[in-house]
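Subject: Structure handover

Hello,

Here is the structure we talked about.

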Amino acid sequence: MDSKCSRREFVQLGMAAGIAAGVQGISVASAEEKSLRIGVIGVGNRGTHLLNLCLKEPGIEVVGICDVRRDPMRQAIELVDQAGQKRPAGYYYDPFDYRRMLEQDDLDAVVIATPMQWHATMAIDALKAKKHVLSEVPATITLEECWDLVHAAEETDRIYMLSENCCYYRSNMAVLNMVAQGIFGDFTYAECGYVHDCRYLDFTPDGKLTWRGELARDYIGNLYPTHSLGPVATWLGINRGDRFESLVSFTTRQAGRTANAVKKFGKDNPAAQTPFITGDSTTTLIRTAKGAMIDLRYDAASSRPLLNTTYYGLQGTTASYDDRDNIQRIWIEGRSEGEKWDSLETHLAQFEHPLWQRLREQAEGSGHSGGDFFVVHEFFDTLRTGRPSPIDAYDAATWSAIIGLSGKSLREGGQPQEFPDFTHGAWETRKPTLLTG
Ligand SMILES: NC(=O)c1ccc[n+]([C@@H]2O[C@H](COP(=O)([O-])OP(=O)(O)OC[C@H]3O[C@@H](n4cnc5c(N)ncnc54)[C@H](O)[C@@H]3O)[C@@H](O)[C@H]2O)c1
(Lines give C-alpha, C1' and ligand atoms only; values in the text may rest on other atoms or scores of the structure.)
Protein backbone atom coordinates (compact mmCIF):
# COMPACT_ATOMS: atom_id res chain seq x y z
CA MET A 1 0.00 0.00 0.00
CA ASP A 2 1.19 3.51 -0.77
CA SER A 3 2.20 5.13 2.51
CA LYS A 4 0.49 8.38 1.47
CA CYS A 5 -2.88 6.62 1.53
CA SER A 6 -4.41 5.33 4.79
CA ARG A 7 -5.67 1.76 4.81
CA ARG A 8 -9.29 2.94 5.12
CA GLU A 9 -8.93 5.37 2.18
CA PHE A 10 -7.20 2.68 0.21
CA VAL A 11 -9.97 0.16 0.85
CA GLN A 12 -12.62 2.73 -0.12
CA LEU A 13 -10.77 3.51 -3.34
CA GLY A 14 -10.48 -0.18 -4.10
CA MET A 15 -14.16 -0.81 -3.47
CA ALA A 16 -15.14 2.10 -5.70
CA ALA A 17 -12.93 0.87 -8.53
CA GLY A 18 -14.27 -2.67 -8.14
CA ILE A 19 -17.89 -1.60 -8.31
CA ALA A 20 -17.19 0.60 -11.33
CA ALA A 21 -15.76 -2.45 -13.05
CA GLY A 22 -18.88 -4.47 -12.30
CA VAL A 23 -17.01 -6.83 -9.99
CA GLN A 24 -17.81 -6.18 -6.35
CA GLY A 25 -15.52 -6.60 -3.38
CA ILE A 26 -16.39 -8.41 -0.17
CA SER A 27 -17.56 -6.60 2.97
CA VAL A 28 -14.63 -4.67 4.42
CA ALA A 29 -15.73 -4.25 8.00
CA SER A 30 -15.76 -7.97 8.66
CA ALA A 31 -12.78 -8.76 6.46
CA GLU A 32 -9.87 -6.89 8.15
CA GLU A 33 -7.38 -9.42 9.65
CA LYS A 34 -9.94 -12.27 9.52
CA SER A 35 -8.55 -15.78 9.23
CA LEU A 36 -9.28 -17.44 5.90
CA ARG A 37 -10.00 -21.10 5.27
CA ILE A 38 -8.88 -22.53 1.99
CA GLY A 39 -8.86 -25.72 -0.05
CA VAL A 40 -6.34 -26.70 -2.73
CA ILE A 41 -7.47 -28.56 -5.86
CA GLY A 42 -4.58 -30.36 -7.58
CA VAL A 43 -1.48 -30.94 -5.47
CA GLY A 44 1.05 -31.97 -8.10
CA ASN A 45 4.19 -29.86 -8.56
CA ARG A 46 2.59 -26.45 -8.67
CA GLY A 47 -0.21 -27.07 -6.20
CA THR A 48 2.19 -28.39 -3.57
CA HIS A 49 4.41 -25.33 -4.00
CA LEU A 50 1.42 -22.99 -3.67
CA LEU A 51 0.20 -24.96 -0.65
CA ASN A 52 3.58 -24.47 1.06
CA LEU A 53 3.40 -20.73 0.37
CA CYS A 54 -0.16 -20.58 1.73
CA LEU A 55 1.00 -22.34 4.91
CA LYS A 56 3.55 -19.56 5.45
CA GLU A 57 0.89 -16.84 5.29
CA PRO A 58 -0.47 -15.74 8.68
CA GLY A 59 -4.13 -16.51 9.33
CA ILE A 60 -4.54 -19.09 6.58
CA GLU A 61 -6.10 -22.39 7.54
CA VAL A 62 -6.10 -25.25 5.02
CA VAL A 63 -9.35 -27.19 5.46
CA GLY A 64 -9.50 -29.26 2.26
CA ILE A 65 -7.15 -31.00 -0.17
CA CYS A 66 -8.32 -32.53 -3.44
CA ASP A 67 -6.38 -34.54 -6.01
CA VAL A 68 -7.48 -37.45 -8.17
CA ARG A 69 -4.25 -39.20 -7.17
CA ARG A 70 -4.38 -40.44 -3.60
CA ASP A 71 -0.66 -40.27 -2.78
CA PRO A 72 -0.10 -36.58 -3.56
CA MET A 73 -3.31 -35.83 -1.68
CA ARG A 74 -2.03 -37.69 1.39
CA GLN A 75 1.38 -36.00 1.16
CA ALA A 76 -0.31 -32.60 1.03
CA ILE A 77 -2.39 -33.45 4.10
CA GLU A 78 0.86 -34.37 5.88
CA LEU A 79 2.34 -30.98 4.96
CA VAL A 80 -0.63 -29.24 6.56
CA ASP A 81 -0.32 -31.44 9.64
CA GLN A 82 3.43 -30.72 9.89
CA ALA A 83 2.66 -27.00 9.76
CA GLY A 84 0.77 -27.46 13.02
CA GLN A 85 -2.73 -27.19 11.55
CA LYS A 86 -5.69 -29.53 11.96
CA ARG A 87 -5.63 -32.27 9.30
CA PRO A 88 -7.76 -31.10 6.36
CA ALA A 89 -10.44 -33.22 4.70
CA GLY A 90 -9.18 -35.14 1.63
CA TYR A 91 -11.00 -35.67 -1.66
CA TYR A 92 -9.83 -38.05 -4.37
CA TYR A 93 -12.69 -40.31 -5.51
CA ASP A 94 -13.11 -39.01 -9.06
CA PRO A 95 -12.31 -35.96 -11.25
CA PHE A 96 -15.38 -34.11 -9.93
CA ASP A 97 -14.80 -34.84 -6.26
CA TYR A 98 -13.73 -31.20 -5.80
CA ARG A 99 -17.45 -30.42 -5.90
CA ARG A 100 -17.88 -32.20 -2.57
CA MET A 101 -15.12 -30.00 -1.17
CA LEU A 102 -16.97 -26.92 -2.43
CA GLU A 103 -19.90 -27.99 -0.23
CA GLN A 104 -17.76 -27.51 2.90
CA ASP A 105 -19.39 -24.65 4.84
CA ASP A 106 -16.10 -23.70 6.46
CA LEU A 107 -14.36 -23.08 3.11
CA ASP A 108 -13.77 -19.45 2.02
CA ALA A 109 -11.53 -19.91 -1.02
CA VAL A 110 -9.90 -22.44 -3.32
CA VAL A 111 -6.53 -22.54 -5.01
CA ILE A 112 -6.73 -24.35 -8.37
CA ALA A 113 -3.55 -25.99 -9.66
CA THR A 114 -4.88 -28.84 -11.80
CA PRO A 115 -4.07 -29.39 -15.50
CA MET A 116 -5.13 -26.32 -17.46
CA GLN A 117 -7.96 -28.20 -19.19
CA TRP A 118 -9.76 -28.10 -15.79
CA HIS A 119 -9.20 -24.51 -14.65
CA ALA A 120 -12.31 -22.86 -16.09
CA THR A 121 -14.76 -25.58 -15.04
CA MET A 122 -13.39 -25.64 -11.51
CA ALA A 123 -13.22 -21.86 -11.14
CA ILE A 124 -16.78 -21.41 -12.39
CA ASP A 125 -18.09 -24.14 -10.07
CA ALA A 126 -16.24 -22.56 -7.12
CA LEU A 127 -17.56 -19.05 -7.82
CA LYS A 128 -21.09 -20.44 -8.12
CA ALA A 129 -20.57 -22.20 -4.77
CA LYS A 130 -19.64 -18.77 -3.28
CA LYS A 131 -15.93 -19.49 -2.87
CA HIS A 132 -13.15 -17.08 -3.81
CA VAL A 133 -10.75 -18.42 -6.44
CA LEU A 134 -7.02 -18.21 -7.07
CA SER A 135 -6.51 -20.07 -10.36
CA GLU A 136 -3.32 -21.23 -11.99
CA VAL A 137 -2.61 -20.15 -15.55
CA PRO A 138 -4.05 -20.03 -18.11
CA ALA A 139 -7.60 -19.31 -16.89
CA THR A 140 -9.33 -21.01 -19.80
CA ILE A 141 -8.67 -22.88 -23.03
CA THR A 142 -11.65 -22.04 -25.23
CA LEU A 143 -13.36 -18.74 -26.04
CA GLU A 144 -16.61 -20.12 -24.69
CA GLU A 145 -14.92 -20.77 -21.35
CA CYS A 146 -13.63 -17.18 -21.33
CA TRP A 147 -17.19 -15.85 -21.46
CA ASP A 148 -18.47 -18.42 -18.97
CA LEU A 149 -15.77 -17.37 -16.50
CA VAL A 150 -16.53 -13.66 -16.94
CA HIS A 151 -20.24 -14.26 -16.43
CA ALA A 152 -19.68 -16.42 -13.34
CA ALA A 153 -17.44 -13.71 -11.83
CA GLU A 154 -20.00 -11.01 -12.59
CA GLU A 155 -22.81 -13.01 -11.06
CA THR A 156 -21.10 -13.50 -7.70
CA ASP A 157 -19.72 -11.23 -5.00
CA ARG A 158 -16.66 -13.47 -4.65
CA ILE A 159 -13.13 -12.63 -5.83
CA TYR A 160 -11.45 -14.33 -8.79
CA MET A 161 -7.71 -13.85 -9.26
CA LEU A 162 -5.45 -15.35 -11.92
CA SER A 163 -2.22 -16.56 -10.36
CA GLU A 164 -0.01 -14.87 -12.99
CA ASN A 165 3.25 -14.72 -11.08
CA CYS A 166 5.29 -13.17 -13.92
CA CYS A 167 3.37 -9.91 -13.47
CA TYR A 168 5.02 -9.68 -10.05
CA TYR A 169 8.64 -10.13 -11.13
CA ARG A 170 10.72 -7.37 -9.60
CA SER A 171 11.81 -6.18 -13.05
CA ASN A 172 8.31 -6.27 -14.54
CA MET A 173 6.88 -4.39 -11.56
CA ALA A 174 9.62 -1.76 -11.83
CA VAL A 175 8.80 -1.27 -15.53
CA LEU A 176 5.11 -1.00 -14.61
CA ASN A 177 6.02 1.68 -12.09
CA MET A 178 8.05 3.54 -14.73
CA VAL A 179 5.16 3.34 -17.18
CA ALA A 180 2.83 4.79 -14.54
CA GLN A 181 5.29 7.64 -14.00
CA GLY A 182 5.43 8.47 -17.69
CA ILE A 183 9.04 7.39 -18.28
CA PHE A 184 8.18 5.64 -21.55
CA GLY A 185 6.14 8.52 -22.99
CA ASP A 186 3.75 7.19 -25.57
CA PHE A 187 4.31 3.51 -26.25
CA THR A 188 3.81 1.82 -29.55
CA TYR A 189 5.39 -1.62 -29.43
CA ALA A 190 6.01 -4.50 -27.06
CA GLU A 191 7.42 -7.96 -27.52
CA CYS A 192 7.30 -10.94 -25.26
CA GLY A 193 7.54 -14.67 -25.38
CA TYR A 194 7.51 -17.97 -23.58
CA VAL A 195 10.42 -19.98 -25.01
CA HIS A 196 11.05 -23.01 -22.85
CA ASP A 197 11.76 -26.54 -24.03
CA CYS A 198 9.07 -28.39 -22.05
CA ARG A 199 9.08 -31.61 -24.09
CA TYR A 200 10.37 -33.56 -21.10
CA LEU A 201 6.86 -33.09 -19.67
CA ASP A 202 4.99 -34.57 -22.68
CA PHE A 203 5.20 -38.21 -21.55
CA THR A 204 5.34 -40.26 -18.37
CA PRO A 205 8.55 -42.35 -18.05
CA ASP A 206 6.72 -45.35 -19.59
CA GLY A 207 5.59 -43.39 -22.66
CA LYS A 208 2.03 -42.39 -21.78
CA LEU A 209 0.90 -38.91 -22.76
CA THR A 210 0.62 -36.45 -19.88
CA TRP A 211 -2.01 -33.69 -19.82
CA ARG A 212 0.59 -31.39 -21.42
CA GLY A 213 1.18 -33.94 -24.18
CA GLU A 214 -2.57 -34.25 -24.72
CA LEU A 215 -2.83 -30.49 -25.06
CA ALA A 216 -0.22 -30.46 -27.84
CA ARG A 217 -2.05 -33.36 -29.52
CA ASP A 218 -5.46 -31.65 -29.37
CA TYR A 219 -4.88 -27.88 -29.84
CA ILE A 220 -2.99 -25.54 -32.15
CA GLY A 221 -1.96 -21.98 -31.37
CA ASN A 222 -0.23 -20.27 -28.50
CA LEU A 223 -1.15 -22.67 -25.68
CA TYR A 224 0.58 -20.82 -22.83
CA PRO A 225 0.18 -17.08 -23.36
CA THR A 226 -0.23 -15.48 -19.95
CA HIS A 227 3.33 -15.62 -18.52
CA SER A 228 4.57 -13.53 -21.41
CA LEU A 229 1.52 -11.44 -22.25
CA GLY A 230 0.30 -10.71 -18.71
CA PRO A 231 3.05 -8.26 -17.69
CA VAL A 232 2.95 -6.54 -21.10
CA ALA A 233 -0.84 -6.18 -20.83
CA THR A 234 -0.43 -4.46 -17.47
CA TRP A 235 2.17 -2.08 -18.96
CA LEU A 236 -0.09 -1.18 -21.88
CA GLY A 237 -3.15 -0.75 -19.64
CA ILE A 238 -5.12 -3.46 -21.41
CA ASN A 239 -8.73 -3.45 -20.14
CA ARG A 240 -7.77 -0.25 -18.34
CA GLY A 241 -7.57 2.47 -20.98
CA ASP A 242 -6.73 0.31 -23.99
CA ARG A 243 -7.84 -3.08 -25.26
CA PHE A 244 -6.69 -5.88 -27.53
CA GLU A 245 -8.51 -5.37 -30.81
CA SER A 246 -7.30 -8.07 -33.21
CA LEU A 247 -4.58 -10.63 -33.80
CA VAL A 248 -2.98 -12.76 -36.48
CA SER A 249 -1.02 -15.93 -35.87
CA PHE A 250 1.51 -18.00 -37.81
CA THR A 251 3.25 -21.17 -36.80
CA THR A 252 5.95 -23.61 -37.85
CA ARG A 253 5.18 -27.24 -38.53
CA GLN A 254 5.39 -29.71 -35.68
CA ALA A 255 8.74 -31.52 -35.52
CA GLY A 256 10.32 -31.12 -32.07
CA ARG A 257 7.87 -33.21 -30.08
CA THR A 258 8.09 -36.17 -32.45
CA ALA A 259 11.91 -35.93 -32.52
CA ASN A 260 11.88 -36.01 -28.73
CA ALA A 261 9.52 -39.01 -28.58
CA VAL A 262 11.65 -40.96 -31.10
CA LYS A 263 14.83 -40.19 -29.16
CA LYS A 264 13.28 -41.16 -25.85
CA PHE A 265 11.24 -44.25 -26.74
CA GLY A 266 12.42 -45.37 -30.20
CA LYS A 267 10.72 -44.82 -33.54
CA ASP A 268 8.57 -47.95 -33.28
CA ASN A 269 7.12 -47.04 -29.91
CA PRO A 270 3.47 -45.77 -30.05
CA ALA A 271 4.68 -42.58 -28.29
CA ALA A 272 6.62 -41.70 -31.46
CA GLN A 273 3.39 -41.95 -33.48
CA THR A 274 1.55 -39.40 -31.33
CA PRO A 275 -0.30 -37.08 -33.74
CA PHE A 276 0.86 -33.81 -32.17
CA ILE A 277 -0.64 -30.80 -33.94
CA THR A 278 0.85 -27.82 -32.08
CA GLY A 279 3.57 -26.22 -34.20
CA ASP A 280 6.97 -25.91 -32.55
CA SER A 281 7.07 -22.12 -32.65
CA THR A 282 4.07 -19.81 -32.94
CA THR A 283 4.13 -16.05 -33.41
CA THR A 284 1.08 -13.91 -32.77
CA LEU A 285 0.82 -10.23 -33.57
CA ILE A 286 -1.74 -8.32 -31.53
CA ARG A 287 -2.98 -4.83 -32.29
CA THR A 288 -4.58 -2.67 -29.60
CA ALA A 289 -7.42 -0.15 -29.99
CA LYS A 290 -4.93 2.70 -29.42
CA GLY A 291 -2.59 1.48 -32.13
CA ALA A 292 0.12 -0.35 -30.19
CA MET A 293 1.41 -3.70 -31.43
CA ILE A 294 2.61 -6.75 -29.49
CA ASP A 295 4.80 -9.47 -30.94
CA LEU A 296 4.09 -12.59 -28.87
CA ARG A 297 6.02 -15.84 -29.28
CA TYR A 298 5.31 -19.29 -27.90
CA ASP A 299 7.74 -22.16 -28.22
CA ALA A 300 7.74 -25.10 -25.82
CA ALA A 301 9.09 -27.69 -28.26
CA SER A 302 12.39 -26.49 -29.72
CA SER A 303 15.67 -27.98 -28.67
CA ARG A 304 17.75 -25.28 -26.98
CA PRO A 305 19.28 -24.55 -23.59
CA LEU A 306 17.18 -22.37 -21.33
CA LEU A 307 17.98 -18.66 -21.43
CA ASN A 308 14.96 -17.58 -19.47
CA THR A 309 11.45 -19.03 -19.69
CA THR A 310 10.01 -15.64 -20.60
CA TYR A 311 11.28 -12.42 -22.17
CA TYR A 312 9.87 -8.92 -22.43
CA GLY A 313 10.46 -5.66 -24.30
CA LEU A 314 8.66 -2.32 -24.38
CA GLN A 315 9.22 0.57 -26.79
CA GLY A 316 8.03 4.06 -25.96
CA THR A 317 8.78 7.46 -27.44
CA THR A 318 11.17 8.28 -24.57
CA ALA A 319 12.43 4.91 -23.29
CA SER A 320 13.09 1.35 -24.34
CA TYR A 321 13.21 -1.82 -22.23
CA ASP A 322 14.67 -5.13 -23.42
CA ASP A 323 15.45 -8.33 -21.50
CA ARG A 324 15.46 -10.83 -24.39
CA ASP A 325 18.85 -12.32 -23.47
CA ASN A 326 17.99 -12.43 -19.77
CA ILE A 327 19.84 -9.19 -19.08
CA GLN A 328 17.43 -6.43 -18.10
CA ARG A 329 18.40 -3.30 -19.99
CA ILE A 330 16.75 0.07 -20.20
CA TRP A 331 17.50 3.25 -22.07
CA ILE A 332 15.80 6.45 -20.94
CA GLU A 333 16.06 9.63 -22.98
CA GLY A 334 17.67 12.40 -20.97
CA ARG A 335 18.70 10.04 -18.15
CA SER A 336 20.83 7.39 -19.81
CA GLU A 337 24.22 8.49 -21.12
CA GLY A 338 24.03 9.02 -24.89
CA GLU A 339 23.25 5.78 -26.71
CA LYS A 340 24.24 3.58 -23.77
CA TRP A 341 21.82 1.05 -22.32
CA ASP A 342 21.65 0.92 -18.51
CA SER A 343 21.13 -2.09 -16.35
CA LEU A 344 17.57 -1.84 -14.97
CA GLU A 345 19.12 -2.37 -11.55
CA THR A 346 20.72 1.10 -11.67
CA HIS A 347 17.25 2.69 -11.75
CA LEU A 348 15.67 0.60 -9.00
CA ALA A 349 16.58 3.02 -6.22
CA GLN A 350 14.15 5.41 -7.86
CA PHE A 351 11.66 3.10 -9.54
CA GLU A 352 11.35 0.02 -7.36
CA HIS A 353 7.66 -0.85 -7.20
CA PRO A 354 6.07 -0.10 -3.78
CA LEU A 355 5.12 -3.77 -3.33
CA TRP A 356 8.74 -4.79 -3.79
CA GLN A 357 9.97 -1.98 -1.54
CA ARG A 358 7.73 -3.30 1.21
CA LEU A 359 7.90 -7.07 0.80
CA ARG A 360 11.17 -7.88 -0.94
CA GLU A 361 12.57 -9.98 1.90
CA GLN A 362 9.50 -12.22 2.02
CA ALA A 363 9.28 -12.51 -1.76
CA GLU A 364 12.86 -13.44 -2.56
CA GLY A 365 13.43 -17.18 -2.71
CA SER A 366 9.70 -17.99 -3.02
CA GLY A 367 10.08 -19.11 -6.66
CA HIS A 368 9.70 -17.44 -10.09
CA SER A 369 11.73 -14.37 -9.09
CA GLY A 370 9.51 -13.67 -6.11
CA GLY A 371 6.31 -13.76 -8.17
CA ASP A 372 5.06 -16.87 -6.40
CA PHE A 373 5.00 -15.15 -3.01
CA PHE A 374 3.16 -12.15 -4.43
CA VAL A 375 0.31 -13.99 -6.14
CA VAL A 376 -0.51 -15.86 -2.94
CA HIS A 377 0.00 -12.85 -0.66
CA GLU A 378 -1.93 -10.49 -2.93
CA PHE A 379 -4.84 -12.92 -3.19
CA PHE A 380 -5.28 -13.11 0.58
CA ASP A 381 -4.75 -9.37 0.96
CA THR A 382 -7.45 -8.78 -1.65
CA LEU A 383 -9.90 -11.00 0.24
CA ARG A 384 -9.17 -9.22 3.50
CA THR A 385 -9.27 -5.64 2.23
CA GLY A 386 -12.09 -6.00 -0.26
CA ARG A 387 -10.12 -4.20 -2.96
CA PRO A 388 -10.65 -5.40 -6.53
CA SER A 389 -8.75 -8.43 -7.70
CA PRO A 390 -5.36 -7.36 -9.12
CA ILE A 391 -5.81 -9.80 -12.02
CA ASP A 392 -9.54 -10.32 -12.35
CA ALA A 393 -11.74 -12.45 -14.57
CA TYR A 394 -11.74 -9.79 -17.33
CA ASP A 395 -7.93 -9.82 -17.50
CA ALA A 396 -7.78 -13.59 -17.14
CA ALA A 397 -10.26 -14.11 -19.99
CA THR A 398 -8.57 -11.53 -22.22
CA TRP A 399 -5.08 -12.95 -21.80
CA SER A 400 -6.24 -16.57 -22.05
CA ALA A 401 -8.39 -15.87 -25.14
CA ILE A 402 -5.12 -15.91 -27.09
CA ILE A 403 -5.30 -19.72 -27.06
CA GLY A 404 -8.63 -19.88 -28.90
CA LEU A 405 -8.05 -16.86 -31.14
CA SER A 406 -4.53 -17.82 -32.24
CA GLY A 407 -5.80 -21.35 -33.00
CA LYS A 408 -8.64 -19.92 -35.08
CA SER A 409 -6.27 -17.61 -36.98
CA LEU A 410 -3.99 -20.58 -37.77
CA ARG A 411 -6.86 -22.76 -38.93
CA GLU A 412 -7.96 -19.94 -41.24
CA GLY A 413 -4.52 -19.50 -42.82
CA GLY A 414 -3.44 -16.48 -40.75
CA GLN A 415 -6.70 -14.53 -40.98
CA PRO A 416 -7.07 -11.68 -38.45
CA GLN A 417 -9.36 -12.39 -35.51
CA GLU A 418 -11.30 -9.77 -33.57
CA PHE A 419 -10.98 -9.83 -29.78
CA PRO A 420 -14.19 -10.01 -27.78
CA ASP A 421 -14.51 -7.09 -25.34
CA PHE A 422 -15.00 -9.03 -22.13
CA THR A 423 -15.39 -5.76 -20.16
CA HIS A 424 -18.53 -4.74 -22.13
CA GLY A 425 -17.02 -1.34 -22.92
CA ALA A 426 -15.71 -0.61 -19.41
CA TRP A 427 -12.06 -0.88 -20.56
CA GLU A 428 -11.86 2.86 -21.23
CA THR A 429 -12.54 3.85 -17.63
CA ARG A 430 -11.33 0.92 -15.52
CA LYS A 431 -8.47 1.82 -13.17
CA PRO A 432 -5.13 0.00 -12.91
CA THR A 433 -5.07 -2.35 -9.92
CA LEU A 434 -1.61 -3.91 -9.88
CA LEU A 435 -0.05 -0.62 -8.79
CA THR A 436 -2.26 -0.13 -5.79
CA GLY A 437 -1.01 -3.04 -3.67
N1 LIG B 1 2.45 -20.11 -12.60
C2 LIG B 1 3.46 -20.90 -12.87
O3 LIG B 1 4.61 -20.49 -12.87
C4 LIG B 1 3.20 -22.33 -13.20
C5 LIG B 1 4.24 -23.26 -13.19
C6 LIG B 1 3.94 -24.58 -13.45
C7 LIG B 1 2.64 -24.96 -13.72
N8 LIG B 1 1.65 -24.03 -13.73
C9 LIG B 1 0.27 -24.41 -13.98
O10 LIG B 1 -0.16 -25.16 -12.83
C11 LIG B 1 -1.02 -26.20 -13.22
C12 LIG B 1 -0.50 -27.52 -12.66
O13 LIG B 1 0.77 -27.80 -13.21
P14 LIG B 1 1.72 -28.91 -12.56
O15 LIG B 1 3.03 -28.78 -13.19
O16 LIG B 1 1.62 -28.85 -11.07
O17 LIG B 1 1.00 -30.24 -13.06
P18 LIG B 1 0.99 -31.64 -12.32
O19 LIG B 1 0.58 -32.62 -13.33
O20 LIG B 1 2.25 -31.84 -11.55
O21 LIG B 1 -0.17 -31.45 -11.23
C22 LIG B 1 -1.55 -31.46 -11.54
C23 LIG B 1 -2.26 -32.20 -10.42
O24 LIG B 1 -3.67 -32.11 -10.62
C25 LIG B 1 -4.24 -33.39 -10.33
N26 LIG B 1 -5.53 -33.49 -11.01
C27 LIG B 1 -5.78 -33.74 -12.33
N28 LIG B 1 -7.11 -33.71 -12.58
C29 LIG B 1 -7.70 -33.44 -11.38
C30 LIG B 1 -9.06 -33.29 -10.97
N31 LIG B 1 -10.08 -33.38 -11.83
N32 LIG B 1 -9.31 -33.07 -9.66
C33 LIG B 1 -8.31 -32.97 -8.76
N34 LIG B 1 -7.00 -33.11 -9.10
C35 LIG B 1 -6.71 -33.32 -10.39
C36 LIG B 1 -3.19 -34.38 -10.80
O37 LIG B 1 -3.38 -35.65 -10.20
C38 LIG B 1 -1.91 -33.69 -10.37
O39 LIG B 1 -1.52 -34.05 -9.07
C40 LIG B 1 -1.05 -26.17 -14.75
O41 LIG B 1 -2.24 -25.58 -15.17
C42 LIG B 1 0.11 -25.31 -15.16
O43 LIG B 1 -0.18 -24.57 -16.31
C44 LIG B 1 1.91 -22.73 -13.47
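Helices (H or I, at least four residues) and strands (E, at least two) are DSSP runs, numbered from the N terminus. In those terms, T204 sits in the loop between β7 (187–195) and α8. This is a predicted model, so local features need pLDDT of at least 70 and side-chain atom pairs count only at pLDDT 80 or more, while totals for chains, interfaces and linings use all residues. Residues are numbered from 1 along each chain as its sequence is written, and side-chain values use heavy atoms, with hydrogens and water left out.

Domains

The chain is divided into domain 1 (7–165) and domain 2 (167–354 + 392–436); the bounds come from an automatic or database domain assignment. Their centres, taken over C-alpha atoms, are separated by 25 Å. Contact (heavy atoms within 4.5 Å) links 25 residues of domain 1 with 29 residues of domain 2. About 2500 Å² is buried between domain 1 and domain 2, and carbon and sulfur atoms give 72% of that area. Buried area here is the accessible area (1.4 Å probe) that two parts lose on being put together, summed over both. How many salt bridges does the rule find across the interface of domain 1 and domain 2? The count is 0, with a salt bridge taken as a side-chain nitrogen of Lys or Arg within 4 Å of a carboxyl oxygen of Asp or Glu.

Cores

Buried means under 20% relative accessible area, exposed over 50%, and partly exposed in between (1.4 Å probe, protein chains only). A nonpolar core is a set of buried Ala, Val, Leu, Ile, Met, Phe, Trp, Tyr and Cys residues joined through side-chain atoms within 4.5 Å. The largest nonpolar core has 114 residues, of which I65, Y160 and F184 touch the most other members. Helix α14 (residues 393–411) gives the most to this core, namely 9 residues. Domain 1 and domain 2 both give residues to this core, so it lies between them. Another core, of 6 residues, lies apart from it; A216, F265, A271 and F276 are among its members.

Leaving aside neighbours within four places in sequence, the contacts of I65 include V40, V43, L51, M73, I77 and Y91.

In helix α8 (residues 211–218), G213, L215 and A216 are buried. They cover an arc of only 155 degrees around the axis, which puts them on the same side of α8; the arc is that of the directions from the helix axis to the C-beta atoms. The buried residues of α8 pack against α10 (256–265).

T204 is partly exposed, with a relative accessible area of 26%. Apart from neighbours within four places in sequence, T204 is in contact with T210 and F265. T204 and P275 are 71 residues apart along the chain, and their C-alpha atoms are separated by 17 Å.

Backbone points to check

Most residues other than glycine have a negative phi, and most peptide bonds are trans. A cis peptide bond joins V137 and P138, with omega about -15 degrees. P138 is in the loop between β5 (132–135) and α6 (143–154).

K130 has a positive phi, near 70 degrees, and is found in the loop between α5 (119–128) and β5. N239 also has a positive phi, near 70 degrees, in the loop between α9 (226–236) and β8 (244–251). Which of the labels, buried or exposed, applies to N239? At 2% relative accessibility, N239 counts as buried, whereas K130, at 42%, counts as partly exposed.

Regards
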